[in-house]
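Have the viewer open as you read.

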Amino acid sequence: MTEIRPTAAPAHARHGSSIGQPLTRRDGVLKVTGAARYAADNHPAGMLHAVLAVSSIARGRVTALDVDAAKAHPGVIEVMTPGNRPPLAMDPDEKSNPFMFRIDVLQNDRVRYANQPIAVVIAETLEAATEGVALLSPTYETLPARVGLDAGESFVPPAVGVGNPAQVQRGEVGAALAGSPSRVEATYETPSQYHNAMEPHAIVAAWDGDALSIDTPSQGMAMAQGRIAGLFGIPPEKIHIRSPFLGGGFGSKGLISGPQVLGILAARLVGRPVKLVLRREQMYGPVGHRAPTRQTLRIGVDGEGRMTALAHHAKTTSSSFDDFFEPAADASHTLYASPAIATSHDVVRVDTGTPLFMRAPGEATGSIALESAIDEAAWASGMDPLAFRLKNYAEVEPISGKPFSSKALRECYAEGAARFGWSGRPVAPRQMRDEAGFLVGWGMGTATFPALMFQAEARAVLRRDGTAVVETGAHDMGQGAWTALAQIAADGLGLDLDRVEFRAGSSDLPDAGIAGGSAHTATAGMAIHGAGADVIARLTDLATGDERSPLFGAGNAGVLARNGRLVRRDDGSRSESYTDILARAGLAEIEGRGRSAADPAAQSAYAMHAHGAVFAEVKVDPDLGQVRVTRLVGAFAAGRVINPRLVRSQYYGGMIWGASFALHEEAVMDRRSGRILNADLAEYHVPVNADVPSIDVVMIDEFDPHVNALGIKGVGEIGITGTGGAVANAVWHATGARVRRFPIRLHDLLGPASD
């Protein structure tokens with residue numbers, strides 16, 4: 001369990017609610033001084049180092065490993081192979097729920113993808129383990145690798161994402177397209193992408209009999225605890241996971257992975273603590289990625305610029321042995337009004353690690369294609385892209401017909417366009433140049449992401465001295481959960497933030513759900529809010545039922561919690577401090593519990609989404625085709641903002657990733673071997689400081705009474721969904737070349753301009 005001790009809050013945060021205050025991160029000092037302990041920073045006594053040996057082929061089987069040569073190394077303690085791996089209580093290829101995926105943990109000699117673990121070398125030092133791996137000299141029986149979207153027969157999956165139908169239709173799309181005066185049909189391709197968090201996957205595992213202690217980065221400790229318990233046949237309460245800090249996750253650390261399980265198995269095999277950390281190139285395989293897509297969009301438009309039909313088909317890949325299918329076409333369900341909408345998916349199985357959740361899964365891949373196609377339809381209709389989007393603004397969710405729980409997208413369009421200066425944009429491309437002669441283009445994209453909630457629990461304890469401790473097993477992967485959740489805790493308890501101690505990052509605390517789907521603040525926050533409310537209700541019962549209290553007879557509904565006191569609603573002069581109430585009752589503390597979950601009735605009645613609009617400026621060298629994003633403006637409406645400083649940071653990160661999606665990121669596959677050629681940060685391009693433009697964020701006030709009691713939506717992923725399309729559309733506006741394969745490359749822009 002990790003504690004973030006209270007620090008003095010800024011003066012502006014000490015009066016009234018902590019919610020809405022732009023506080024700096026409570027864990028910031030720990031991180032900048034190196035005091036924050038990440039998983040791989042732990043070194044228990046007697047710890048050994050484990051290093052994976054991974055497959056250099058994509059399909060086949062391992063025929064031999066020179067284990068004797070590796071074990072002859074003076075520092076090597078043991079080599080774990082399928083022959084001596086400790087037994088598991090559960091088949092790692094067994095699946096019992098949609099969040100359980102098959103993992104490779106040396107269950108046999110079969111190779112299903114490149115970089116699959118095939119052995120583990122355990123040694124006294126990292127260097128010895130690494131040298132031991134080199135001595136294994138594996139040999140293989142190799143089969144041809146199946147690579148790419150055209151590798152084999154495609155099929156319609158039973159579901160996409162997590163249980164979403166693969167095919168959805170409303171209205172008669174074929175007839176509507178046939179009768180449309182204007183039609184656009186275009187195909188877009190997105191590549192495989194890999195998470196590349198700064199902190200690689202790591203685990204430090206130690207057994208004490210049948211009790212297991214783990215340090216590992218996790219976006220969902222309770223889920224990891226349950227998965228490990230099933231695999232090893234031990235009760236979940238025998239497993240203690242510590243995960244106070246993550247150096248990025250983006251979905252890849254949401255589920256326990258094969259390499260983490262191998263670290264636990266290695267510790268059991270040798271009877272000593274073991275640390276296993278993936279090398280950067282080993283993250284390209286066993287821990288998930290974003291699958292490639294080929295998306296075809298067909299849009300029909302009438303003579304007034306209104307969409308009459310929208311068809312969105314996505315083809316993607318998955319592994320040869322498991323079932324996760326990128327729900328890219330689902331992006332067309334929510335944004336634009338059309339009487340006829342159809343979305344569909346099909347899949348090809350290839351020799352790759354299983355694709356999994358990656359920041360804005362489905363929405364990121366689908367929206368860059370959708371927003372490009374919307375711009376193409378606007379151009380075909382002779383309309384400004386913003387005017388076209390406003391003409392096709394959806395007042396209700398198009399695919400379901402549900403009203404939105406809240407939707408301030410019009411305000412996002414207006415505020416973002418005004419801040420960017422969109423009204424000065426010429427409709428035709430290749431009309432603007434800067435003083436150096438570079439082509440200048442302006443593009444836009446609409447952003448959206450569902451407002452999700454999962455289940456969580458929290459505990460709050462109010463002490464007689466007027467301080468409190470709030471506990472939940474929350475996960476901070478850089479988004480600022482330590483701070484935002486503490487602000488919610490302070491608000492719920494009616495205390496200044498510096499009076500609240502917040503504990504998180506450990507599996508022995510109440511389950512905070514999973515930090516994913518842009519839902520963590522809403523999910524854990526509502527549980528914390530409930531725990532605070534429970535404390536205040538219990539405290540109120542003590543005061544209002546005691547004749548000696550100035551609050552006697554006020555009733556629960558007639559009392560407010562404020563600045564460490566309960567105050568009568570109808571008479572602010574009558575109040576009592578928490579300290580006096582507890583002291584008179586003879587109590588040292590009072591405890592409350594809170595739980596959170598989505599409201600099924602509200603979910604059934606409303607479509608719940610965050611919205612935004614992103615405007616991009618690019619400059620393109622007309623001779624070399626080099627593209628630079630020079631300016632981004634994003635306007636977003638995402639419900640109640642707990643901490644605007646942290647929210648702004650999340651929008652920045654999403655927008656930078658969106659620009660990366662359009663211009664930089666791509667895993668390049670050797671089609672002969674099935675191996676990734678650029679599995680490192682030198683060749684797999686992600687934005688660096690020189691690629692980060694001027695970024696401006698506008699936060700639109702939005703009240704949503706339906707998503708949850710606090711009105712919180714998520715912000716972690718929405719920034720990607722508008723930005724990729726905005727950048728792509730700006731490139732077209734600068735050059736007149738419509739590039740439909742991402743990332744956009746130099747050679748895509750050096751040919752003749754086309755529309």
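## Domains and ground rules

Domain bounds here come from an automatic or database domain assignment. On that basis the chain splits into domain 1 (27-36 + 453-597), domain 2 (40-143 + 201-277) and domain 3 (293-452 + 604-749). The C-alpha centres of domain 2 and domain 3 sit 37 Å apart.

A word on the ground rules: this is a predicted model, where local features need pLDDT of at least 70, side-chain atom pairs count only at pLDDT 80 or more, and totals for chains, interfaces and linings use all residues. Residues are numbered from 1 along each chain as its sequence is written, and side-chain values use heavy atoms, with hydrogens and water left out.

## How confident is the model?

The predictor's confidence in each residue, pLDDT, runs from 0 to 100. The chain averages 95, with 97% of its residues at 70 or more. Over residues 5-15, though, the pLDDT is below 50, and this stretch has 23 contacts in the model beyond near neighbours in sequence (contact means heavy atoms within 4.5 Å).

About 1,400 Å² is buried between domain 2 and domain 3, and carbon and sulfur atoms give 60% of that. Buried area is the accessible area (1.4 Å probe) that two parts lose on being put together, summed over both.

Between these two domains there are 2 salt bridges, a salt bridge being a side-chain nitrogen of Lys or Arg within 4 Å of a carboxyl oxygen of Asp or Glu. On the domain 2 side, the residues touching domain 3 are 7 nonpolar, 3 polar and 6 charged. For those classes, Ala, Val, Leu, Ile, Met, Phe, Trp, Tyr, Cys and Pro count as nonpolar, Asp, Glu, Lys and Arg as charged, and the others, Gly among them, as polar.

## Salt bridges

The whole structure has 47 salt bridges. In one, Arg-389 pairs with Glu-371, with the closest N and O atoms 2.9 Å apart. Arg-389 is in helix α8 (residues 385-391) and Glu-371 in helix α7 (residues 363-380), so the pair ties together parts 18 residues apart in sequence. Helices (H or I, at least four residues) and strands (E, at least two) are DSSP runs, numbered from the N terminus.

Arg-102 and Asp-322 also join their side chains in a salt bridge (3.5 Å, N to O).

The peptide bond from Phe-742 to Pro-743 is cis, with omega near 0°. Pro-743 falls in the segment after α15 (718-735).

Phe-250 isn't a glycine, yet has a positive phi of about 60°. Look for Phe-250 in the loop between β12 (239-242) and α6 (258-270).
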